[in-house]
Amino acid sequence: MRILMWFSIGFCGACGAFAYLPGSGLGAPILAAVLAAAAIALWVGRERMLRPLVCALLGCALGLGWFACFDGIYLAPPKTMDGRTEEAAILLRSYSYPTEYGQAAGGEVTLAGKTYRLRVYLDCQESLPPGTVVEGAFRFQLTTGTGNEERTSHSGKGEFLLAYAAGEVSWELPQSKSLRYLPEYARQYILTRIEMFLPPDVGVFARALLLGDTAQLDYETDTALQLSGVRHVVAVSGMHVSILCGLLLFLSCGKRFLAVSLCLPALLLFTAMAGFTPSVSRAAIMVSLSLLAMVLRREYDPPTALSFAALVILIVNPWAVTSVSFQLSVSCVAGILLFSGRIYGYLESRFFPAKKRIRGKRLLRLAAASLSVTLGAMSLSTPLSAYYFGMVSLAGIFANLLGLWAVSLAFYGILAVVIFGSVFAPLGSVFAWLTTLLIRYFILLTKFLSAFPLSAVYTRSREIVWWLVSCYLLLGLLLVMKKKQPALFLAMAAFGLTAALTISWLLPLTEQFRVTVLDVGQGQCVVLQSGGRTYLVDCGGDYGENAADIAAEYLLSQGIFRLDGLILTHFDEDHAGGAAFLAARIPVEAVFYPDTELPSFPVLADYPVTVQTTLTYGESKITIFPGNTAGGSNETSLCVLFQVGNCDILITGDQTEAGEKALLCQTDLPELEMLVVGHHGAKTSTGEALLRKTKPLCAVISVGADNPYGHPAQEVLARLKQFGCTVLRTDEMGTIIFRG
C-alpha cells in the first residue's frame, strides 16, 4: 500500500484548491470538514480499503493548514508591499538580462527580518552580475494573485514580488566572487563557450536546450517546436536530467559509489543553474532517490518517489502547484508510470512476440519503447497542454520518435563543446561542427512537421474540445473493459477527429458572412469572412506574437490555411505589430496599407492605398479609404467598409474626428449594422458627425482590460448611448462574432 502516494495526492489537491480558490473564506470550514472526515474514517473503518482514503484526507487537511500558514503568515510582509512604491535595497541573485525596457534579474529583498525572492526590472542597459546591491525606489507587485493584480507565473518559481524601478537607482558591484553564486558563474561560463564555438542560430537553440534560456529563440522556431509537440526539449525538465545522469552513469563504469559521487553534486549544480524550477527539481529528487536506493540496495518505487518529490516541492513553496512546469512534469511522469508499460506490452505482443524471429527486432523494441514513453507522457499531459497552450499537437509522436535521439546527442555535444573547448579549442570546434549538424537536423525536422496543415488542432474550436473530452471518456471505458481493444479506441478517436474537423471547417461556409473581432488585448484584429474568402484587418495587440497566435489559431481552427488579404490600417504596434509573425505562419496573398513605408515581411503582393480601392467578389464588397498621409500615424489610418447584402460594417482604425469628417466628405456612407469603434474608444475618435450619419446599431470596442490609456473614454460611451448603439467590448466579452 503506497501510503505516501495517497497522502501526497491529498496534499497536492489541497494546495491546488487553496491556490485556485483564493479569497473565498472557505479555508477554515473546509479544513474542519476534512479533519472531521479523516477522524470518522479512522474511527469507523480499519479495513485495508479505507487506508488510501484516510491518507488522502489527512494529506488534504495538512495541505490546507500548511498553505494557509504559508500564505497568511510567511507571505504577510510581501502582501503589505503590493501596489506600493518604497525605498529598498535589492540583492541580485543572478546575472541581469536585457528586456524591452532595460535589464531584469532575479533578486532578494529583506522584509520584516525575512528574505524573499523577487524579480526586479531596471531602466538601465548595463549588465549586472550576481551579488550586486541595487538601491532606490521600487514599485512592488505581488505575484500570487491575491493583491491588486492577477497571479503571475513567478509565484510558482518562488518569486513572490515584482519590483519595478521608480526613478533613478544606484548599484554597488560585488568586490569579489562568492561561492554562493557558483551556479550562476557556471551558467554564464557555459553561455560564453556556446557563443564562442557555435553559429548564432545554433547557439540560441543550444542555450535553450542545455539551460532552458529561450529568450533569444526566434518566433518561427519556437512556434515550430510547439506545433510539432517538442517544445519540452527547450524547457529544462526530467528529460535533461535523465540525459545528464545517463552520461555520468556510463562514465562511472557500473561503480555504484562512484556513480552517486558523480551524479549527486552534478544534479545539484544543474538544478541550481536551471533556477530550481519545479520540473527540474522533481526530476533531480527522483533520480537522487533511485541512486540512493541503488547504493543502499533498497527497492526503488517510482510512484512513491514521484509523490515524495511533489511533496517536497510543495512544502518548500505551496504556490508551486500553480506552476505549469510542475503540473506538466508530474502529469507526464504519472502517465508514463500508468500507461507506458501497458502500451509497450501491447505493441510487443502484437508486432514482435518474444518467440518469433524478426529481423531488426532490437531496433523495433527501441522504437516501441520510445513510442510507449511518448504516448504515456501525452496521456495525462495533453489536457493541460490544450488548456494552457490552446492546441493539441498531432505531429508530436513523429517528432519525438524521429528527433529525440538527435536532442540527446546534441545535449552531450554541447557539454563536449564546453568542456573540451575550454582545454583545446580545435577539439571544441570539432564537437561544435557535429553538434551543429544534430541541432540543425532537429530544427529542420520540427519546421517540416509543423508545416503540415494538421500538425496541430486548436481548442478555439468547440468541436475539438468535445473531441478531446470524448477521447478521454473512451479511454476510461477502455481501461474498465475486460477485453482491451486499443485498435477500436484509435479508430473511434480518428473518426471523432475527422467529424470535429469537418464540422468546424464547414460551419463558417454555411453562413452568408462572419465578422470576428478577436480579443487581442489593447489592440485590434478583425476577421472578415464571406463567399469563401477571408480578409484580416490589422493584427496587433499587447504583444505582437500573441496577437499573431490568436489570429492564426482562429483561422487554422476553421481550416483557413491562406489569407486572401491583410489590410493594415496603419503601422502602430497595436495594429500591425503581429503582422510579420502571422505571415510566418499563414501565407498572405496580398497586403493593403497606407502609402508609407511597408515593414518587411513575406507576402505575395502589396498594395499601398492612395485612392479609394474596392474589392468585389460574389455578393461581398470591401472598400478601403485612404487616410491623410501628411498627418500623424493615426491620421494615416485606412478605413474599411465591409458590405454583404444588406449588412454594412465600418472599421476606422485609429482615425480622429477630423479624419472621420474627411471620410464623410469622400463618400456617402450607409447606415451601419456594426461599427468597430475607432482608436479603441479614445475620446478623440467616434465623433457625433460619424454617428449621426451612419446610425450604427451595434458598436464593438476592441480594448484591453485595465489599459493605461483609460480606453474606452466615458465621453465615447456617452455618445454611443446617445445614438442608441448596443455596445460590445472585448475586455468584457472576449472575442466577439457577428454572423449573418
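**A close look at Thr221**

Reply: Leaving aside residues up to four places away in sequence, Thr221 touches Ile443 and Lys447, where contact means heavy atoms within 4.5 Å. This is a predicted model, with local features needing pLDDT of at least 70 and side-chain atom pairs pLDDT 80 or more, while totals for chains, interfaces and linings use all residues. Residues are numbered from 1 along each chain as its sequence is written, and side-chain values use heavy atoms, without hydrogens or water.

You'll find Thr221 in helix H7, residues 219–227 (helices are DSSP runs of H or I, at least four residues, numbered from the N terminus). So is Thr221 buried or exposed? Thr221 counts as buried because its relative accessibility is 5%; buried is under 20%, exposed over 50%, and partly exposed in between, using a 1.4 Å probe and protein chains only.

Now for the cysteines. Searching the whole structure turns up 0 disulfides (sulfur pairs within 2.5 Å). Cys263 is in none, and its nearest cysteine sulfur, in Cys245, sits 4.5 Å away. With 0% relative accessibility, Cys263 is buried. Cys665, by contrast, is exposed, at 71% relative accessible area.

Elsewhere, helices H1 and H11 meet: residues including Leu4, Phe7 and Phe11 in H1 face a group in H11 with Phe308, Leu311 and Leu314 among them. That contact has 12 nonpolar residues, 3 polar and no charged (Ala, Val, Leu, Ile, Met, Phe, Trp, Tyr, Cys and Pro are nonpolar; Asp, Glu, Lys and Arg charged; the others, Gly among them, polar).

How values were computed: Helix = DSSP H or I, 4+ residues; strand = E, 2+ residues; numbered from the N terminus.
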